[in-house]
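This report covers the chain shown below.

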Amino acid sequence: MEKWDIIILGAGCAGLTAGLYAARAGKRTLILEHKLPGGQTALTEEIHNYPGLPGIDGVSLTQRMAQQAQEAGAVLQCTAVENVRLAEKRVETAADVFCADALILAVGAEPKPLGIPCHIQKTGYPEKDNPSFGTPEGTRTPNPRNRNPMLYPLSIKFYKREDEIEGKD
């Protein structure tokens with residue numbers, strides 16, 4: 001069993017930022033991610049609201065974040081977590097067992113499919129590949145200088161599932 005000061009579950013923006021600051025504070029830091037680093041931000045085509053990096057794509061931004069956390073001393077491992085024992089601050093993967101003085105859960109979220117036909121028209125992807133229409137914080141929003149801005153809804157609460165509109169269950 002390997003001992004760490006801090007183990008962070010999730011390598012999206014929150015997990016990578018936590019890893020950066022923990023490593024900078026001199027803590028022995030492990031970041032575990034079951035997919036590729038970046039979370040939902042990595043799926044974002046263009047980000048205009050991140051200070052200092054307007055127009056960056058999500059993959060580039062999160063790669064830079066991962067690199068910065070690793071340069072500060074955090075260790076990033078892409079492996080599936082099989083079990084977490086919060087009381088013991090213990091994390092089990094297929095290959096290893098880790099324990100820590102502190103766990104940070106930055107596991108993100110999975111967007112729910114909207115089930116509306118305009119989803120594919122607006123995103124260009126079938127729901128199974130890109131399941132949400134909503135836009136995460138910091139992604140591209142309408143820009144008056146752009147002649148062909150992509151418009152996003154301010155809230156998805158106005159959209160209903162197609163089966164609800166037709167009265168199906």
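## The E4–E5 hairpin

In this predicted model, strands E4 and E5 form a hairpin with 4 residues between them. Lys89, in the turn, has a positive phi of about 55°. E4 covers residues 81–85 and E5 covers residues 90–93. The two strands run antiparallel and are joined by 4 bridges. Asn83 stands opposite Glu92 in E5.

## Thr62 in helix H2

Helix H2 spans residues 58–72 and includes Thr62. Thr62 has a relative accessible area of 2% and is therefore buried, the limit being under 20%. A polar atom of the Thr62 side chain lies 2.9 Å from the backbone oxygen of Gly58.

Beyond its neighbours within four places in sequence, Thr62 is in contact with Cys13, Leu16, Pro37, Gly38, Thr41 and Ala42.

## Nonpolar cores

The largest nonpolar core has 17 residues, and Leu16 and Ile31 touch the most other members. Strand E1 (2–9), helix H1 (13–24) and H2 each supply at least two residues of this core. If residues up to four places away in sequence are not counted, Leu16 touches Ala11, Ile31, Thr62, Met65, Ala66 and Ala69.

Another core, of 9 residues, lies apart from the largest one. Its members include Ile7, Leu32, Phe98 and Ala100.

## Cysteines

A disulfide is a covalent bond between the sulfur atoms of two cysteines. How many disulfides does a search of the whole structure find? The search finds 0.

Cys13 has a relative accessibility of 25%. Cys78 has a relative accessible area of 46%.

## The chain as a whole

The secondary structure of the chain comes to 4 helices and 6 strands. Along the sequence they follow the pattern β-α-β-α-β-β-β-β-α-α.

The chain has 169 residues, of which 31% count as buried. Among contacts with a separation of 6 or more, 50% are between residues 24 or more positions apart. The accessible surface of the chain comes to about 10900 Å², and carbon and sulfur atoms account for 52% of that surface.

How values were computed: Residues are numbered from 1 along each chain as its sequence is written. This is a predicted model: local features need pLDDT of at least 70, side-chain atom pairs count only at pLDDT 80 or more; totals for chains, interfaces and linings use all residues. Side-chain values use heavy atoms; hydrogens and water are left out. Two strands pair if DSSP finds at least two bridges between them. Buried means under 20% relative accessible area, exposed over 50%, partly exposed in between (1.4 Å probe, protein chains only). A polar contact is a pair of N or O atoms within 3.5 Å; within protein, one must be able to donate a hydrogen and the other to accept it, and residues adjacent in sequence count only if both atoms are side-chain atoms. Contact means heavy atoms within 4.5 Å. A nonpolar core is a set of buried Ala, Val, Leu, Ile, Met, Phe, Trp, Tyr and Cys residues joined through side-chain atoms within 4.5 Å. A disulfide is a pair of cysteine sulfur atoms within 2.5 Å. Accessible areas come from the Shrake-Rupley method with a 1.4 Å probe; for residues, only the protein chains shown count as cover.
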